[in-house]
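Thank you for making time this morning. I would like to walk you through one model and the surroundings of its ligand, so please have a look at it before I go on.

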Amino acid sequence: MNELGDALDSTTWSEDMLWAVAMSDLAVFLLDGDGKLLHSNDAARVLAMRLHPNEVHPDPAMLLSYVPEQGWQIAVRDGRWIGEAPTTQPGLVLEIKAFAGRDRGRCRRFAVMSDISVRSAREGELRRRHDELQSTYDRLASAQEQLLQSEKMASIGQLAAGVAHEINNPIGYVHSNLGTLQEYVGALLALLDGYNTALQSDEPTVSRPLLRKLRDRLDVDFIVGDLPKLLEESREGIERVTKIVQDLKEFSHVERDEPMRPSDLRKGLESTLNIVWNDLKYKARIDKHYDEVPLVECYLSEINQVFMNLLINAGQAIADRGLITLAMGTEGDEVWVSVGDDGVGIPEEVQARIFDPFYTTKPIGRGTGLGLAIAYRIVAKHHGRIDVSSRPGAGSTFRVVLPIAQPVLSRPRK
Ligand SMILES: Nc1ncnc2c1ncn2[C@@H]1O[C@H](COP(=O)(O)OP(=O)(O)O)[C@@H](O)[C@H]1O
Ligand SMILES: [Mg+2]
């Protein structure tokens with residue numbers, strides 16, 4: 001201790017303290033107020049040897065270069081600074097604590113270093129795993145989003161043929177009506193011509209029998225009776241096409257990044273029914289029992305997808321001819337919508353599995369097993385629930401329950 005005492009001025013560093021420093025397995029450095037190294041312990045020498053393995057007696061003072069000037073400035077200002085520093089030795093990371101202060105009028109500095117390679121490696125590994133998990137999660141979320149979107153597009157594809165038929169039909173009769181109208185207009189113009197000629201003649205009354213004959217020949221009485229009907233029918237045809245196009249547009253609308261909106265579930269169910277109508281109309285009668293329901297905060301196009309999946313399943317459950325029952329109502333602060341059929345029904349042991357992705361009892365090409373899994377996911381995202389009651393041979397009823405307003409804290413951004 002004498003040797004130390006000389007160097008350090010034993011009046012200011014107690015022997016007890018120097019003994020503690022010597023015993024410490026942390027590398028300890030005692031400095032004067034200007035940053036000159038006065039003393040370091042054995043642990044500091046060991047650390048220096050690890051950092052400079054090629055030198056016989058590396059100077060522990062070299063380690064002080066790992067304390068940045070700014071670190072000392074902070075230590076002088078706040079009393080201490082703590083930092084980490086990578087070293088020239090691969091994988092060796094130092095934790096450094098630097099202290100500065102005054103004691104009995106004298107400025108002192110003091111630094112402690114320890115090897116935190118293990119901790120740092122563990123933290124690095126943890127961070128890497130966390131990043132990996134995060135990116136897997138992100139990929140999964142986007143794959144799920146894509147799956148949802150592609151299932152939607154696939155079902156649209158499936159329906160496209162039906163929809164094309166639905167559109168073709170009214171377009172067909174509007175087209176044929178236009179042909180008839182063209183004939184009628186020709187006849188009426190011919191009659192008008194006859195009237196004009198009569199008007200311009202000096203003796204209009206003479207033309208009367210002629211005009212009467214013309215009228216009979218052109219079948220004007222029939223035309224006058226038929227015309228309003230033709231026009232009305234054509235207008236209905238065009239309106240039907242417009243409606244189908246509108247429903248399709250609404251159905252395929254992607255609400256990404258938009259907030260949920262208060263939406264009319266009845267309108268959603270009706271327009272979805274309109275889209276799948278071609279698949280159902282030869283099989284099922286539709287019974288509707290709608291109560292008045294309030295607007296429901298949701299992504300309507302996604303809820304429409306749920307309705308569509310349920311309607312398609314109901315149709316597929318009916319072998320020949322049957323009844324699909326649609327109903328909706330309010331219960332407390334929730335709205336429920338049910339889609340029921342009198343089809344094959346679902347055996348009890350199967351009921352537990354129908355919401356699993358890829359579970360299907362249908363032949364390849366007809367079933368993907370995704371319809372109900374997607375419906376389940378969409379409804380869960382809306383903080384609602386979906387359940388089924390079914391009796392084999394008697395039919396099934398699916399019930400979707402949605403909160404009218406989304407819980408405030410969890411209003412999700414997609
Ligand atoms: N309305 C229903 N009636 C009878 N079985 C149904 C009904 N809806 C769903 N299922 C059963 O649940 C399974 C999964 O349905 P879903 O997820 O829509 O997939 P997919 O219709 O492609 O098979 C169906 O294969 C069928 O066995
Ligand atoms: Mg299905």
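By pLDDT I mean the predictor's confidence in each residue, from 0 to 100, and by a contact I mean heavy atoms within 4.5 Å. This is a predicted model, in which local features need pLDDT of at least 70 and side-chain atom pairs count only at pLDDT 80 or more, whereas totals for chains, interfaces and linings use all residues. Residues are numbered from 1 along each chain as its sequence is written, chains are lettered from A and ligands numbered from 1 in the order in which they are written, and side-chain values use heavy atoms, with hydrogens and water left out.

The chain has a mean pLDDT of 87, with 92% of its residues at 70 or more. Over residues 1-7, however, pLDDT stays under 50, and the model has seven contacts beyond four places in sequence for that stretch.

Turning to ligand 1, what surrounds it? There are 18 residues around ligand 1, the closest being T360, T361, K362, T368 and L372, where a residue counts if one of its heavy atoms lies within 4 Å. That shell divides into seven nonpolar residues (Ala, Val, Leu, Ile, Met, Phe, Trp, Tyr, Cys and Pro), two charged (Asp, Glu, Lys and Arg) and nine polar, meaning the others, Gly among them.

As for individual atoms, an oxygen atom of ligand 1 is 2.8 Å from a side-chain N or O atom of N313, and a backbone N or O atom of G369 also lies 2.8 Å from an oxygen atom of the ligand.

Methods. Polar contact = N/O pair within 3.5 Å; in protein donor to acceptor, adjacent residues only side chain to side chain.
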